[in-house]
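Dear colleague,

Please find the sequence and the structure below. My notes on what was found follow directly after them.

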Amino acid sequence: QVQLVESGGGLVQPGGSLRLSCAASGSIFRIYVMGWYRQAPGKQRELVATLTNSGSPNYADSPKGRFTISRDKNTVYLQMNSLEPEDTAVYYCYADLSTGSEITEFINRYWGQGTQVTVFS
């Protein structure tokens, strides 16, 4: 079994910062991509940032320059600075990873449980 457990959400004023964490655990063979999506009330889930195994980050336009994605082993982080009310959403981490072995590798996308980020004045 594979689990992704998130932490770090909360309440913050505009201009503030938060750091989200997402730890993957279980029978993981290889992690290919880790990243973050978010979903605001009444809106579709949207991509925030991704990080490939080679270390290449990719950001959506809205958080670009304010958010930084990083990874340490099986944990992905999202450092969020200069937060705006429009950043209010439930943030979900994900991982494209494989279980099994070199001979029989099964690749799937796994999701965290979501963590609420609320930016209010």
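A disulfide is a pair of cysteine sulfur atoms within 2.5 Å of each other. Please keep in mind that the model is predicted. By that rule the count comes to one disulfide, and Cys22 and Cys93 are the residues it joins, with an S to S distance of 2.0 Å. The torsion about their S-S bond is about 50 degrees, so the disulfide is right-handed. Because Cys22 lies in strand E3 and Cys93 in strand E9, the pair ties together parts that are 71 residues apart in sequence. Is Cys22 buried or exposed? Buried means under 20% relative accessible area; Cys22 has 0% and therefore counts as buried. The value for Cys93 is 0% as well, so Cys93 also counts as buried.

I turn next to the chain as a whole. Its secondary structure comes to 11 strands and zero helices. A compact globule of 121 residues would have a radius of gyration near 14 Å, and the chain agrees with this at 15 Å. Along its principal axes, the C-alpha trace spans about 55 × 25 × 25 Å. Buried residues make up 41% of the 121 residues. Among contacts with a separation of 6 or more, 57% are between residues 24 or more positions apart. The accessible surface comes to about 6,500 Å², and carbon and sulfur atoms account for 48% of that surface.

How many bridges pair strand E4 with strand E5? Strand E4 (residues 30–39) and strand E5 (residues 46–52) pair in the antiparallel sense over six bridges. Val33 has Thr52 of E5 as its bridge partner. The hairpin formed by E4 and E5 has six residues between the strands, and Gly42 in the turn has a positive phi of about 75 degrees. E5 also pairs with strand E6 (residues 57–59), in the antiparallel sense and over three bridges. There, Thr50 stands opposite Asn58 in E6. E5 and E6 form a hairpin with four residues between them, where Gly55 in the turn has a positive phi of about 95 degrees.

In soluble globular proteins, nonpolar side chains tend to be buried together. In this model, the largest nonpolar core has 28 residues, of which Trp36, Ile69, Leu78, Met80 and Tyr91 touch the most other members. The elements that give two or more residues to this core include E4, E5, strand E7 (67–72) and strand E8 (75–80). Which element gives the largest share of this core? That share, five residues, comes from E9.

Finally, I would point out Thr68, which is found in strand E7. Thr68 has a relative accessible area of 42%, so Thr68 is partly exposed. Leaving aside neighbours within four places in sequence, Thr68 is in contact with Tyr59, Tyr77, Leu78 and Gln79. The C-alpha atoms of Thr68 and Thr50 are separated by 9.8 Å, while the two residues are 18 residues apart along the chain.

Yours sincerely,

A colleague

Conventions
Residues numbered from 1 in each chain as written. Predicted model: local features only at pLDDT ≥ 70, side-chain atom pairs only at ≥ 80, totals over all residues. Heavy atoms only, no water. Pairing = 2+ DSSP bridges. Core = buried A, V, L, I, M, F, W, Y, C linked by side-chain atoms within 4.5 Å. Buried < 20%, exposed > 50% of the residue type's maximum accessible area, 1.4 Å probe, protein only. Contact = heavy atoms within 4.5 Å. Rg over C-alpha atoms; globule rule 2.2 N^0.38 Å. Areas by Shrake-Rupley, 256 points an atom, 1.4 Å probe, with all protein chains shown as cover.
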